[in-house]
Amino acid sequence: MSGPQNTLLLVSGLLKVGATLLILLMFAKLGWDVVSGRMVEIPPILLIAIGATLAAQLAAWAGWRFASRRQTEDRGR
């Protein structure tokens, strides 16, 4: 694997961890609201952050796939 592939794979993995932590934060907030008897609500910024993180992870994964496919084609010639 070349440098860009390693970087894209690392970024993709970090974004997966970040998205997982944001989703856990969302569930913790929901649980806290339920336990404290308040109306359950999810802050819109949290939903935006989760969506943006997942979109960035998908873009990093697609970049990694493109870079790895390109390197395979170059090796075959």
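Author: Accessible areas come from the Shrake-Rupley method with a 1.4 Å probe, and for residues only the protein chains shown count as cover. On that basis the protein chain exposes about 5,700 Å², of which carbon and sulfur atoms supply 72%. The model is a predicted one, in which local features need pLDDT of at least 70, side-chain atom pairs count only at pLDDT 80 or more, and totals for chains, interfaces and linings use all residues. Residues are numbered from 1 along each chain as its sequence is written, and side-chain values use heavy atoms, with hydrogens and water left out.

The protein chain holds 2 helices and 0 strands; these are DSSP runs numbered from the N terminus, helices being H or I of at least four residues and strands E of at least two. Of its 77 residues, 17% count as buried. Here buried means under 20% relative accessible area, exposed over 50%, and partly exposed in between, with a 1.4 Å probe and protein chains only.

The search of the whole structure finds 2 salt bridges, a salt bridge being a side-chain nitrogen of Lys or Arg within 4 Å of a carboxyl oxygen of Asp or Glu. Side chains of opposite charge can pair when their charged atoms come close. Because D33 and K29 are 4 residues apart in helix α1 (residues 3–36), about one helical turn separates them. D33 has 2% relative accessibility and so counts as buried, whereas K29, at 30%, counts as partly exposed. The side chains of D33 and K29 are also joined by a polar contact of 2.8 Å. That term denotes a pair of N or O atoms within 3.5 Å; within protein, one must be able to donate a hydrogen and the other to accept it, and residues adjacent in sequence count only if both atoms are side-chain atoms.

D33 forms a salt bridge with R38 as well, the closest N and O atoms being 3.3 Å apart. R38 is partly exposed, with a relative accessible area of 47%.

Which residues does D33 touch, leaving aside its neighbours within four places in sequence? D33 is in contact with R38, M39, V40 and E41, contact meaning heavy atoms within 4.5 Å. Across the protein chain, among contacts between residues at least 6 apart in sequence, 67% join residues at least 24 apart.
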